[in-house]
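User: I am new to this structure. Please walk me through the chain in short steps.

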Amino acid sequence: MNGLSTILIVVGLFLLGGIYSFVKQQMPKGVIVLVALAAAMCLGAGVLRLDVWA
């Protein structure tokens with residue numbers, strides 16, 4: 001696991017925590033969806049950058 005994939009996974013997990021917080025605060029659904037998409041992209045990019053697929 002290299003540094004960039006680690007950073008992407010950590011940022012994705014941080015954004016998942018933000019989604020939980022935003023839902024608890026009853027933020028607008030558009031904001032929650034936007035953060036959810038960002039979290040999914042960060043986690044996906046971090047997992048795909050792992051070298052276990054080669």
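User: Among contacts in the chain between residues at least 6 apart in sequence, what percentage join residues at least 24 apart?

Analyst: The model is a predicted one. A contact here needs heavy atoms within 4.5 Å. Start from pairs at least 6 apart in sequence, then keep those at least 24 apart; the share is 64%.

User: How many helices and strands does the chain have?

Analyst: Its secondary structure includes H1, at residues 3–24. H2 covers 29–48. The total for the chain is two helices and zero strands.

User: Is the chain compact or spread out against the globule rule?

Analyst: Its C-alpha trace spans about 40 × 15 × 10 Å along the principal axes. For 54 residues the globule rule gives 10 Å, but the radius of gyration is 13 Å, well over that, so the chain is more spread out than a compact globule.

User: Which helix is included in what covers the buried residues of H1?

Analyst: Buried means under 20% relative accessible area. In H1 the buried residues are Ser5, Leu8, Ile9, Gly12, Leu15, Gly18 and Ile19. Residues three or four places apart in an α-helix point the same way, because a turn takes 3.6 residues. The cover over the buried residues of H1 includes helix H2.

Conventions
Residues numbered from 1 in each chain as written. Predicted model: local features only at pLDDT ≥ 70, side-chain atom pairs only at ≥ 80, totals over all residues. Heavy atoms only, no water. Helix = DSSP H or I, 4+ residues; strand = E, 2+ residues; numbered from the N terminus. Expected span 1.5 Å × (residues − 1). Buried < 20%, exposed > 50% of the residue type's maximum accessible area, 1.4 Å probe, protein only. Rg over C-alpha atoms; globule rule 2.2 N^0.38 Å.
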